[in-house]
Amino acid sequence: MQTKVSYEPDEPNQGKLTICSNQVSVRFDCLSVTLEQPFKDCKSNPDPDRGWNDRRAMLLGASLLDPLVYVQPFLRDQGSFWESMQDMDAYIRPTEKY
């Protein structure tokens, strides 16, 4: 997980509803994430060795399960749960460099 480049989080209940994951979260009252493909492969630039295929799609989807299970207890928590998280899970704020 990269931690050098980040976005400021929205204030609670202030996310831009023009962003799909925010709209889904509000509309269905559920966890919603944006999953970005970590590679460049498309019809105009195919990469048969490392490109997108059904096996990689399944692995990418499966790789989300452990993080979702990890955050599940915190989803409806009203307290300051982030204060008790391990250092490796701490939120890293953007810097002036990024």
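How many Å² does the accessible surface of the chain come to, and what percentage of that belongs to carbon and sulfur atoms? The surface is about 9300 Å², and 55% of it belongs to carbon and sulfur atoms. Please keep in mind that this is a predicted model.

Next, the burial. The chain has 98 residues, and 6% of them count as buried.

Now the secondary structure. You can see three helices and zero strands. Going along the sequence, the pattern reads α-α-α. As for contacts with a separation of 6 or more, 45% are between residues 24 or more positions apart.

On to the side chains. Which residue forms a salt bridge with D29? That partner is R76, with the closest N and O atoms 3.0 Å apart. The structure holds one salt bridge. Where do the two partners sit? D29 is in the loop between α1, residues 20-28, and α2, residues 54-63, while R76 is in the segment after α3, residues 65-71. The pair therefore ties together parts that are 47 residues apart in sequence.

Is R76 buried or exposed? Its relative accessibility is 57%, so R76 counts as exposed, the cut-off being over 50%.

One last point, on the backbone at D29. This residue, in the loop between α1 and α2, has a positive phi of about 50°, although it is not a glycine. For background, most residues other than glycine have a negative phi.

That is what I had on this chain.

Definitions and conventions. Residues numbered from 1 in each chain as written. Predicted model: local features only at pLDDT ≥ 70, side-chain atom pairs only at ≥ 80, totals over all residues. Heavy atoms only, no water. Helix = DSSP H or I, 4+ residues; strand = E, 2+ residues; numbered from the N terminus. Buried < 20%, exposed > 50% of the residue type's maximum accessible area, 1.4 Å probe, protein only. Contact = heavy atoms within 4.5 Å. Areas by Shrake-Rupley, 256 points an atom, 1.4 Å probe, with all protein chains shown as cover. Salt bridge = Lys/Arg side-chain N within 4 Å of Asp/Glu carboxyl O.
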